[in-house]
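Please work through each task with the structure in view before reading its solution.

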Amino acid sequence: MQFSEAVKLALQSLWANKLRSVLTLIGVVMGVASVIMVITLTNTANNYMGTKLSGYGADVFTIAREGLIFGPDDYAKFQKRKLVKIGTALSRNVNVVHNGHSTTGTELRGYTDTMFSLSNTNIAIGRGLTPSDIDHATHTVVVGYDIVDNILTDSSSDPIGQEIRVDGVPYTIVGIGERQGKTFGQSQDNWVAVPFSAYQHTYGTNESLTVYARANGDSKVMERAEDQVRVIMRTRRHDAPGAEDSFEVQTNDTFLDIWKQISQLFIFIVLALASISLVVGGIVIMNIMLVSVTERTREIGVRKALGARQKDVLMQFLIESALMALLGGVIGIILGVGVAELITLIFDISVDVSIGSVLLGMFMATGTGIFFGVYPASKAAKLDPIVALRSEM
């Protein structure tokens, strides 16, 4: 029997039992869809997080009192540390008001003039903060586009020079930052940046700062810069030799590594669950193929009587089982990509479909069909033609 003929017969058999074939494929569809969806979403999230976290530049690192908090022990440890008393960035959430219009949850950033460059925040209109603004604690402010879009709607076309109130304190707009879009559905343009010194005049100096530094070089330069900063900080904070740092030095890689560890664990868990779905789907395929062998016993006897060899019958039923699972894999891929597209559409990020994940889904589906189709196909191939011909229709 030629391969093409075996495929044709398999398709005819599947088409003759359409409802049964569809119900049989549910397990494979769910398993493959889960794999495709999770890998696609993880790749999309990895690329997206990498882009967002690299907003401060690959050669920028921070020094802060607190690091990433994963539990109450971390929080308690960080609270015992001394405040970082040198630095260039502070932040809190505030209300911004202009002519009766207001925002909530706006991020107030207390910046020095260098922070716009360090954070890769470009100025779209007007100017950024200057050293003079910092020295004299001027009430000037650079705003994100959410402020312009939401509360300056009744102003003249030029927002520069307009006055807004940040927690009741008046500031004059001198610049507007470029649009940054959304991160997982949350706007990144709902912020205002005021001189670091003006921030401290309003809210006091008893807040720990985050220091941003740029190494201006490759990874080796970055490591040397981090080591130098660590030595300076340990000396100024009188950390005892052998004691752990009383501060945290973090780079973009710190957050990316943690994110990748979380995403890899997530992939492993979902792949394990998807494997269970595939096993269940494979068992269903095997049972259906056994039923098919029983129903077509007389047909098998006729084929063998006309000269079909064992390997011909084996190939026929293996191809039928593999095609059934492959069809489920194709449906699962379409479903998985569709769900991933829908989720990324909701969160306003572009989907990243990996060819590797599609091939993996096809391989898993086909492999499931072949593995669980071996026993029914072997049983069919070993049928005695005389016994098979005597069976009732």
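Helices here are DSSP runs of type H or I with at least four residues, numbered from the N terminus. The model is a predicted one.

**Exercise 1.** Describe the largest nonpolar core and the surroundings of phenylalanine 317.

Solution. This core has 25 residues, and Val32 and Phe317 have the most contacts inside it. The elements giving two or more residues to the core are helix 3 (26-53), helix 10 (252-295), helix 12 (310-346) and helix 13 (355-381). Leaving aside residues up to four places away in sequence, phenylalanine 317 touches Met289, Ser292, Val293, Arg296, Ile300, Ala377 and Ala380. Apart from this core lies another, of 24 residues, including Leu108, Tyr145, Ile147 and Val194.

**Exercise 2.** Classify the aromatic pair of tyrosine 199 and tyrosine 203, and state the exposure of each residue.

Solution. The whole structure holds three aromatic pairs. In this one, the centres are 5.0 Å apart and the planes 50 degrees apart, a tilted arrangement. Both residues lie in helix 8 (residues 196-203), four residues apart, about one turn of the helix. Tyrosine 199 is buried because its relative accessible area is 0%, whereas tyrosine 203, at 21%, is partly exposed.

Note on methods: Residues are numbered from 1 along each chain as its sequence is written. This is a predicted model: local features need pLDDT of at least 70, side-chain atom pairs count only at pLDDT 80 or more; totals for chains, interfaces and linings use all residues. Side-chain values use heavy atoms; hydrogens and water are left out. A nonpolar core is a set of buried Ala, Val, Leu, Ile, Met, Phe, Trp, Tyr and Cys residues joined through side-chain atoms within 4.5 Å. Buried means under 20% relative accessible area, exposed over 50%, partly exposed in between (1.4 Å probe, protein chains only). Contact means heavy atoms within 4.5 Å. Rings of Phe, Tyr and Trp (its six-membered ring) pair if their centres lie within 6.5 Å; planes under 30 degrees apart count as stacked, over 60 as edge-to-face and the rest as tilted.
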